[in-house]
Amino acid sequence: MDKFRMIFQFLQSNQESFMNGICGIMALASAQMYSAFDFNCPCLPGYNAAYSAGILLAPPLVLFLLGLVMNNNVSMLAEEWKRPPGRRAKDPAVLRYMFCSMAQRALIAPVVWVAVTLLDGKCFLCAFCTAVPVTALGNGSLAPGLPAPELARLLARVPCPEIYDGDWLLAREVAVRYLRCISQALGWSFVLLTTLLAFVVRSVRPCFTQVAFLKSKYWSHYIDIERKLFDETCTEHAKAFAKVCIQQFFEAMNHDLELGHTHGTLATAPASTAAPTPPDGAEEEREKLRGITDQGTMNRLLTSWHKCKPPLQLGREEPPLMGNGWAGGGPRPPRKEVATYFSKV
């Protein structure tokens, strides 16, 4: 159990490196998924483009959503975005920084899928086989004599060598090489553009907006650390609350059993029972409760934490917690002391 706890603490302390590793694994998995995927073009004029668009766009969308789901900061971003302002204003720059940090990692696997798909060329071949210039690559004298639907049906079978029967009009190998060449050119252009964009976002942009970048980064880390510390404090309080509650239950049961046994054996004489002594660790557990010893107070505290988080200003005395929010907006008024003197007559 200690080994798993050490591993979990290590992953928490190195969350950024861990998420980068997860994104790299997803990118490799997406490339492996495409290599294992059996691409079957329908070879029909009305379905080739739709099938190719689905293969090119649907898996990247799924991989992007999986990348967001596997990021622990998604719930933190949603909580910070939807929380009431209360006494702490929400900074849109921090929210944009958090979303961009998650989106950059989540986009790695979809970019790899799109790049591999374009470099392979099968999807592009299936989508644009009907747009091959027959007059330039094939027998241009026969193309004008064919009706448009018949020409489209014939060219739609180019990705399927077992059913293609238009070699008399256009050699299949010529059309395949032509479309794959364009697809690979688009694939390498896509890789180059995404690499340049990532370089600009990660390296060049902070140089021009260094102050704003440092502020957004700092407060993003603060929100993450504050949430973790609050969760740890609530967990510690819940453990102490449960432990004291169980101890009180067992003490009450033991006291009732002792009273019943005394009344059964000594019916004529009054029974003298000593007060139960608290265990050694009871005081320590009660100190961990921080004065919150009932369900209603704890619920009001959690509600107030959500609706009205304390301002980011240290060294300032907070007003007491009343009802569902923080009562009072300024310093407490000074207390008046009244002295009364009595004289003996």
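Me: What is the handedness of the link of Cys 43 and Cys 160, given the angle about the S-S bond?
Reply: In this predicted model, a disulfide joins Cys 43 to Cys 160 with an S to S distance of 1.6 Å. The angle about the S-S bond is 80 degrees. The link of Cys 43 and Cys 160 is right-handed.

Me: How many residues apart are Cys 43 and Cys 160?
Reply: Cys 43 sits in the loop between helix 2 and helix 3. Cys 160 sits in the loop between helix 9 (148–155) and helix 10 (172–208). The pair links distant parts of the chain, and the separation is 117 residues.

Me: Is Cys 43 buried or exposed?
Reply: The cut-off for buried is under 20% relative accessible area. Cys 43 has 4% relative accessibility, so Cys 43 counts as buried. For Cys 43 the value is 4%, and the class is buried.

Me: What is the phi of Cys 43?
Reply: Most residues other than glycine have a negative phi. Cys 43 is not a glycine, yet its phi is positive. The value is about 55 degrees.

Me: Which cysteine is joined to Cys 41 by a disulfide, and what is the torsion about the S-S bond?
Reply: A disulfide joins Cys 41 to Cys 126, with S to S at 2.0 Å. The torsion is about 75 degrees, so this disulfide is right-handed. The partner is Cys 126, and the torsion is about 75 degrees.

Me: Which parts of the chain does the pair Cys 41 and Cys 126 tie together?
Reply: Cys 41 is in the loop between helix 2 (15–36) and helix 3 (48–69), and Cys 126 is in helix 7 (residues 122–127). The two parts are 85 residues apart in sequence. The pair therefore ties that loop to helix 7.

Me: What pattern do the disulfides of the protein chain follow?
Reply: The structure holds 2 disulfides. One joins Cys 41 to Cys 126, and another joins Cys 43 to Cys 160. With bonded cysteines counted along the chain, the pattern is 1-3, 2-4.

Me: Which residues does Ser 52 touch, not counting residues up to four places away in sequence?
Reply: Ser 52 is in helix 3. At 1% relative accessibility, Ser 52 counts as buried. The residues that Ser 52 touches are Phe 39, Cys 123, Cys 126 and Ala 127.

Me: What is the distance from Lys 309 to the nearest side chain of opposite charge?
Reply: Lys 309 is in the loop between helix 13 (295–307) and strand 1 (321–322). Leaving aside neighbours within four places in sequence, its contacts include Glu 79, Glu 80 and Glu 226, but Lys 309 is buried and has no salt bridge. A salt bridge needs a side-chain nitrogen of Lys or Arg within 4 Å of a carboxyl oxygen of Asp or Glu. The nearest side chain of opposite charge is Glu 79, at 4.1 Å.

Technical notes:
Residues are numbered from 1 along each chain as its sequence is written. This is a predicted model: local features need pLDDT of at least 70, side-chain atom pairs count only at pLDDT 80 or more; totals for chains, interfaces and linings use all residues. Side-chain values use heavy atoms; hydrogens and water are left out. Helices (H or I, at least four residues) and strands (E, at least two) are DSSP runs, numbered from the N terminus. Buried means under 20% relative accessible area, exposed over 50%, partly exposed in between (1.4 Å probe, protein chains only). Lys and Arg count as positive and Asp and Glu as negative; His and the chain ends are not counted. Contact means heavy atoms within 4.5 Å. A disulfide is a pair of cysteine sulfur atoms within 2.5 Å.
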